[in-house]
Amino acid sequence: QVQLVESGGGLVQPGGSLTLSCVASGLAFSDYKMAWYRLAPGKAREFVAGVDTSLRTSYSESVKGRFTISRDNAKNTVWLQMNSLKSEDTAVYYCTAGEEIDYWGQGTQVTVSS
């Protein structure tokens, strides 16, 4: 059974930082592209960042230069370091596995507010 378990969300002030973690189990982690998506109320699901099996990274324009995605295959873990957070970054953040998004985590809430 595949599980993706996110953690690290919370309430942060504008300009602050958070690091999200996603621990995977039940799959050959190193064989999967990993990514973060987010869903905000009233908005469509948005790709945030991805890291493929060759450690190539990609980012949405809205987070480029502020967020960093990384992975450690030995720990079956992917992280999303988020800096200079803005109110518009408020959303539920989901970890995904697979080029076609084969698996989703349960999500972690990030709220950016003063």
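Strands β7 and β8 (residues 77–82) run antiparallel and are joined by six bridges. Strands here are DSSP runs (E, at least two residues), numbered from the N terminus, and two strands pair if DSSP finds at least two bridges between them.

A quick word on what you're looking at: this is a predicted model, where local features need pLDDT of at least 70, side-chain atom pairs count only at pLDDT 80 or more, and totals for chains, interfaces and linings use all residues. Residues are numbered from 1 along each chain as its sequence is written, and side-chain values use heavy atoms, with hydrogens and water left out.

**The hairpin and its sheet**

Back to β7 and β8: they form a hairpin with four residues between them. In that turn sits Asn76, with a positive phi of about 50 degrees. Which residues face each other across the two strands? Ile69 has Leu80 of β8 as its bridge partner, and Ser70 stands opposite Trp79 in β8.

As a reminder, strands of a sheet pair through backbone hydrogen bonds, either parallel or antiparallel.

Strand β3 is where Ser21 is found. Is Ser21 buried or exposed? Its relative accessible area is 18%, so Ser21 is buried (buried means under 20%, exposed over 50%, and partly exposed in between, using a 1.4 Å probe and protein chains only). The side chains of Ser21 and Trp79 are joined by a polar contact of 3.4 Å. A polar contact is a pair of N or O atoms within 3.5 Å; within protein, one must be able to donate a hydrogen and the other to accept it, and residues adjacent in sequence count only if both atoms are side-chain atoms. Setting aside neighbours within four places in sequence, Ser21 is in contact (heavy atoms within 4.5 Å) with Val5, Glu6, Ser7, Trp36, Val78 and Trp79.

How many disulfides does a search of the whole structure find? It finds one, going by cysteine sulfur atoms within 2.5 Å. Cys22 is joined to Cys95, with an S to S distance of 2.1 Å. The torsion about their S-S bond is about -75 degrees, so the disulfide is left-handed. The link spans distant parts of the chain, since Cys22 is in strand β3 (residues 18–25) and Cys95 is in strand β9 (residues 91–97), 73 residues apart. Cys22 and Cys95 are both buried.

**Aromatic pairs**

The structure holds four aromatic pairs. Rings of Phe, Tyr and Trp (its six-membered ring) pair if their centres lie within 6.5 Å; planes under 30 degrees apart count as stacked, over 60 as edge-to-face and the rest as tilted. Among them is the tilted pair of Tyr32 and Tyr103, at 6.1 Å centre to centre and 55 degrees between the planes. Tyr32 lies in the loop between β3 and β4 (34–39) and Tyr103 in strand β10 (residues 103–104), so this pair ties together parts 71 residues apart in sequence.

Then there's Tyr37 with Phe47: the ring centres are 5.5 Å apart and the planes are at 75 degrees, so the pair is edge-to-face. It links distant parts of the chain, with Tyr37 in strand β4 and Phe47 in strand β5 (residues 46–51), ten residues apart. Tyr37, Phe47, Tyr94 and Trp104 form one aromatic cluster.

Here is how three of these aromatic residues score for accessibility:

| Residue | Relative accessibility | Class |
|---|---|---|
| Tyr37 | 14% | buried |
| Phe47 | 24% | partly exposed |
| Tyr103 | 30% | partly exposed |

**Two positive phi values in loops**

Most residues other than glycine have a negative phi. Leu55 is not a glycine, yet it has a positive phi of about 70 degrees. Leu55 is in the loop between β5 and β6 (57–59) and, at 52% relative accessibility, counts as exposed. Ile101, also not a glycine, has a positive phi of about 55 degrees. Ile101 sits in the loop between β9 and β10 and, at 18% relative accessibility, counts as buried.
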